[in-house]
Amino acid sequence: MFDPKTLYVTSAVMVALMALLNTLTWRANKNTPGTLLYILYPTVLFLAILGFALHSYFDNWRAISSANILILIASIIHVLAICQFLDFRQWPLRAFIVTTAFLATLLIYFTFVQPDLRARMMVSDLQHVIEASILLYLFIRFAKPQYPNGSMVYIIILLVIAVIFSGRALFMGDVSSDTLFKQSWFTITLFINGVIAPMFYTTGMALLCNERREQHLNNLAAKAQQDLEIRGLFLSTVSHEIRTPLNGILGSAQLILNRTTDNKNKAYCEAIINSAESLNLLIDKVLDYASLEQGDEALYEEDVEIKSWLNNLCLLLSPLAEQKQLKFELVYELPDQACYYCDQQKLRQILINLVGNAIKFTDRGFVRIQVVLESAQDMMHIVRFSVQDSGPGIEQDDIAYLTEPYVQSNAGKIKGGTGLGLAITARLLEKLGSQLEISSELGRGSQFSFAVKLTQGELSLVEQRHQSKQYVTGLNVLLVEDLELNQKIAIEFMAADDHKVKLATTGQHALELLKQHHFDVVLLDMNLPDLTGQEVLRALKHQEHKNNRTPFLAFTASLSPDEVKEYIALGIKDIVGKPIKQEKLRQALSDSQSAQKPLLSVALPDVLYDETAVGSLQISFNEDEVSSIYNEFVLSARNKLIRSQQLSKEDPEQCIKLLHRQASTALQLGFNRFGMLLKRIERRMLDQKDCEQEHTQALVLWQASLEAYLAHIRQQTLG
C-alpha cells in the first residue's frame with residue numbers, strides 16, 4: 001500500500017517536527033507540568049524510527065531490538081507526561097509501568113532467546129493498545145471536563161490507534177523478515193503511528209496548554225473580582241464604623257462651641273469641627289469610590305430639561321464661589337428647551353466634583369461651566385460639558401496620573417484633599433461611555449471636559465407648552481409601556497400639560513420605580529414583555545411601596561367585557577384605550593385626581609381605516625415623521641403577519657409579543673378592524689387556542705385595509 005522506506009523517512013520528519021513544536025509549546029508554557037517531559041517523547045520516538053530504518057536497510061537485528069525497547073520507553077514517557085499535566089498519580093499509572101516492563105521482558109525473550117518476529121509484533125501491538133487504553137481513560141475521566149477541545153483531539157487519535165493495532169494483532173497472519181514490509185497491516189500502522197499520530201499529539205498538547213492558560217486567566221480574573229469586592233466591602237464597613245464615633249465627636253464639639261464663652265476653647269472646638277468635617281469628607285469619597293469599584297450599577301435614565309437642571313446646579317454651587325469672590329458663570333449654548341435622556345444623578349456628581357475642585361484650587365478670577373452641542377444626528381446628540389478655571393494650572397507630567405486614586409497634583413498637596421475626586425469622576429464617565437479630557441497651562445488655569453452621547457428627550461419636541469384650566473396639569477406620572485410609538489405619543493400628550501413623566505418598559509422596572517418614588521397617577525400597559533398588568537397589580541399587594549393611594553389607569557386595547565371587569569376588580573380606576581387620543585388621555589388623568597366616576601366606554605369606529613388617526617400623530621410628529629411611520633408599518637405588516645403565523649406553532653410566546661406590538665401600532669395608525677382582529681388572535685393565543693383560520697382572515701383583512709388607506713392617500717393627493 002505504501003513504500004516502507006518512504007514511510008520511515010516521512011515518519012522521522014514528522015516526529016522531528018513534533019519535537020520542535022513541543023519545544024515551542026514548552027517555551028510558551030514553562031510552568032505547565034508535563035510539557036518539558038513531552039519534548040522527550042518524540043525524541044525517543046525519533047531514535048526508534050532510526051533503529052527500524054537501519055534494520056530495513058542493513059538487516060541488523062540489534063538495531064531492531066533497540067528500536068523496540070525505545071518504543072516501549074517512549075510509551076512510558078508519553079503516559080508520564082500526560083499524567084504530570086493532569087496531576088494523576090493513582091494506581092493505573094503504576095500498573096501501566098509494571099505491565100510495560102513485563103512486555104519489555106517478553107520482547108527481549110522473543111528477540112534473543114527464542115527469536116519470533118510475529119510474537120514481537122504481538123507484544124508491540126499489545127503495548128500500543130494498553131497505552132491507548134490508559135490514555136483514553138485519563139482523557140475521558142479527568143481531562144475532558146476541564147479541557148474539552150484538547151481532549152477531543154487526543155480521544156480521536158487514541159481510538160484510531162487502539163482499533164488499528166487491535167486489528168493488526170488479530171488479523172495479520174504469520175510473517176517473516178522478507179514478507180513483513182509487503183504486509184498492508186504493517187504499512188498502515190506505520191503510517192498512522194508515525195505520520196498521523198504526531199500531528200494529533202502536537203495539536204492536542206497545544207490545545208491543552210491553551211485551555212489550561214485560559215482557565216488560569218479566568219481564575220485570576222475571578223479572584224481579582226473577589227478581591228475587589230472584599231476590598232470594597234472592607235472599605236465600606238470600616239468607613240461606616242468610623243462615621244459613628246466621628247458624628248459623636250462632631251456633635252459634641254458643636255455643643256461645646258455653642259455653650260462656651262472662652263475664646264481659646266472656641267478656637268479648639270472649631271479646629272476639632274474642621275478636622276472632623278475633613279475626615280467626614282474623606283469617608284464619603286472612600287465610600288463613593290468603593291461603591292463604584294464594587295458593583296456594576298445600571299444607568300437610570302430619565303428625561304431632563306438641561307437648562308433648568310444646570311441652573312439649579314449652579315444655584316447649589318454659586319455660594320462656594322461667592323465665598324472666595326470668584327466669578328461663577330454658566331455658558332449655555334444649547335436650545336432653551338433642550339431635553340435629554342440621561343442619568344442625572346451621575347452627571348450631577350461629575351459636575352459637582354469638577355466645579356468643586358475648580359473653586360477649591362482657584363483663589364482669584366473665574367470658574368465657568370460651558371455646555372455646547374458638538375454634533376446632532378437624528379435623535380442622538382453629542383453634548384460637551386467643560387469646567388474652566390483661572391487657577392494655578394497643572395504640570396503636564398501630573399495630568400496623566402490625576403484620574404488614579406489617591407493621586408494629587410502639587411496644588412492638591414498644598415490645598416489638601418483625598419485624591420479621590422477625579423478618580424470617582426473618571427469611573428462615572430466610563431459608565432456613561434465617556435472619558436475625562438484635561439488641558440492646563442501653569443499660571444493660566446485648567447479645563448476639564450467630557451463629551452457624552454445623549455438621546456433627545458420626548459419633551460424637546462414640544463415647542464409650546466400650555467395649561468388649560470379644564471384639565472389637571474403638572475402631575476408626576478409613571479408611564480409603563482413597551483411600544484416605542486405609544487411611549488412617544490403618550491409622553492408628548494402629557495408634556496403639553498406639564499406632566500412630569502417617568503418611563504418603565506417592563507413590569508419589573510415598574511415595580512422598582514413604584515418602590516422608590518411616589519406618583520400621582522400610573523398609566524399601566526396591561527400586556528408587557530415580562531409581566532401582564534394584572535400580575536404587576538397583584539405583585540404590588542404583597543410588597544411595600546410608596547403608591548398605596550395612587551390611582552392606576554389601564555393603558556390597553558384589550559377591552560372585552562370580561563377584561564374590563566377584571567381590571568376594575570383589581571382596582572383600576574379608568575381605562576385609557578389604544579389608539580391614544582389626547583382628549584381621552586387628558587380626561588382620564590383629570591378624573592384620576594377627583595372622585596368623579598370615570599367613563600369606561602372606549603369603543604372604536606368599526607372601519608377599515610380611520611382617517612382621524614393621523615390627526616393624533618400630527619400633534620407629536622412632523623409630516624415627514626408621520627409619513628415614515630406609516631410607510632414602515634405598511635411595508636412590513638404583511639411579512640410580520642406571516643411571521644406571526646409561523647411563530648404560532650414554533651414559539652407561541654414570541655408570537656403573542658409580536659401580535660401585541662402589531663395590534664397596538666395598527667390601532668394607533670387607524671387600521672381599526674385589522675388591529676382588533678390581531679387583538680382577538682392574541683387573546684386566542686393566550687388561551688392556547690388554534691389561530692390558523694384567524695391568521696388567514698387577517699391576511700385578507702390587511703389587504704382590504706391597505707386598499708382603504710391607499711384610497712384615502714390618493715383622495716388627499718388629488719384633492
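Trainee: Why is Asp525 called buried in this predicted model?

Mentor: Asp525 has a relative accessibility of 0%, and because the term buried applies under 20%, Asp525 counts as buried. Asp525 also has its place in strand S10, which covers residues 521-525.

Trainee: What makes Asp525 a modified residue in the UniProt annotation?

Mentor: The label comes from an unreviewed UniProt entry, whose annotation "modified residue: 4-aspartylphosphate" covers Asp525; such annotations may be inferred rather than shown by experiment.

Trainee: Why is Leu20 called partly exposed?

Mentor: The relative accessibility of Leu20 is 48%, and since buried means under 20% and exposed means over 50%, with partly exposed in between, Leu20 therefore counts as partly exposed. Leu20 is found in helix H1, which spans residues 4-28.

Trainee: What makes Leu20 part of a nonpolar surface patch?

Mentor: Patch residues need over 30% relative accessible area, and Leu20 has 48% relative accessibility, so this requirement is met. Together with Leu17, Leu21 and Leu24, Leu20 makes a nonpolar surface patch of about 340 Å².

Trainee: How do you know what share of the chain is buried?

Mentor: Residues count as buried when their relative accessible area is under 20%, and buried residues make up 48% of the 719 residues in the chain. The accessible surface of the chain comes to about 36,800 Å², with 55% belonging to carbon and sulfur atoms.

Trainee: Which helix and strand counts, and which share of contacts, describe the chain?

Mentor: The chain has 23 helices and 12 strands, and of its contacts with a separation of 6 or more, 72% are between residues 24 or more positions apart.

Terms used:
Residues numbered from 1 in each chain as written. Predicted model: local features only at pLDDT ≥ 70, side-chain atom pairs only at ≥ 80, totals over all residues. Heavy atoms only, no water. Patch = residues over 30% accessible without salt bridge, like charges linked within 9 Å, V, L, I, M, F, W, Y side chains within 5 Å. Areas by Shrake-Rupley, 256 points an atom, 1.4 Å probe, with all protein chains shown as cover. Salt bridge = Lys/Arg side-chain N within 4 Å of Asp/Glu carboxyl O. Helix = DSSP H or I, 4+ residues; strand = E, 2+ residues; numbered from the N terminus. Buried < 20%, exposed > 50% of the residue type's maximum accessible area, 1.4 Å probe, protein only. Contact = heavy atoms within 4.5 Å.
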